[in-house]
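Please examine the sequence and the structure shown here before reading on.

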Amino acid sequence: MTAMSEIVQKKGNIEIGGLSKTLPVGVRQLERIFAENIGMPPKQIAMLIRYQNLWHDMLFLPQFRILDAVCQYGYTDQPHLLRDFKKFHAMGAAQARRYALSYRG
């Protein structure tokens with residue numbers, strides 16, 4: 001629970017190696033605990049939470065800027081963010097945002 005709480009607090013922008021240093025377990029043990037209790041490794045959980053926060057910001061921040069999100073969420077560069085975004089969407093970030101906002105009440 002502590003590890004999951006830390007991942008959520010950091011909005012998924014966390015290194016699993018650094019996370020295991022704050023806990024009394026190693027990286028491999030942490031991965032086994034997550035696999036047993038959640039069904040996914042902590043790295044995938046962190047990536048999913050980071051994506052959810054990014055998507056929320058894209059939809060609800062009126063002055064959303066992709067380059068600000070790159071820094072905020074710890075991406076290496078803009079192509080890295082866009083590549084990760086496409087893992088969860090069948091379209092690019094700009095197109096997904098336009099599509100979602102066109103259906104917003």
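## Largest pocket

In this predicted model, the largest pocket is lined by 13 residues. Those that lie nearest its centre are Gly12, Ile14, Lys43, Ala46 and Arg50. The volume of the largest pocket is about 270 Å³.

Two helices, H4 (42-60) and H6 (78-88), each contribute at least two residues to the lining of the largest pocket. Five lining residues come from H4, which is the largest share. Sorted by class, the lining of the largest pocket contains four nonpolar, five polar and four charged residues.

## Second largest pocket

The second largest pocket has a volume of about 210 Å³.

H3 gives the most, with four residues. In the lining of the second largest pocket, ten residues are nonpolar and two are polar, while no charged residue is present.

## Packing of H4 against H7

H4, which supplies five residues to the lining of the largest pocket, also packs against helix H7 (residues 93-102). The angle between H4 and H7 is about 55 degrees, and their axes lie 10 Å apart.

On the H4 side, the contact is formed by Trp55, Met58 and Leu59. These residues meet Ala93, Ala96, Arg97, Ala100 and Leu101 of H7. By class, the contact of H4 with H7 comprises seven nonpolar residues, no polar residue and one charged residue.

## Overall build

The protein has seven helices and zero strands. Along the sequence, the pattern reads α-α-α-α-α-α-α.

Taken along the principal axes, the C-alpha atoms of the protein fill a box of roughly 45 × 25 × 20 Å.

Conventions
Residues are numbered from 1 along each chain as its sequence is written. This is a predicted model: local features need pLDDT of at least 70, side-chain atom pairs count only at pLDDT 80 or more; totals for chains, interfaces and linings use all residues. Side-chain values use heavy atoms; hydrogens and water are left out. On a 1 Å grid over the protein atoms alone, a cavity is a set of points where a 1.4 Å probe fits but cannot get out, and a pocket is an open set with protein on both sides within 12 Å along at least five of seven lines; lining residues have an atom within 4 Å of a point. Grid points are joined across faces, edges and corners, and a volume is the space filled by probe spheres set on the points. Ala, Val, Leu, Ile, Met, Phe, Trp, Tyr, Cys and Pro count as nonpolar, Asp, Glu, Lys and Arg as charged, and the others, Gly among them, as polar. Axes are lines fitted to C-alpha atoms, for helices over the stretch in contact, and angles run from 0 to 180 degrees between N-to-C directions. Contact means heavy atoms within 4.5 Å.
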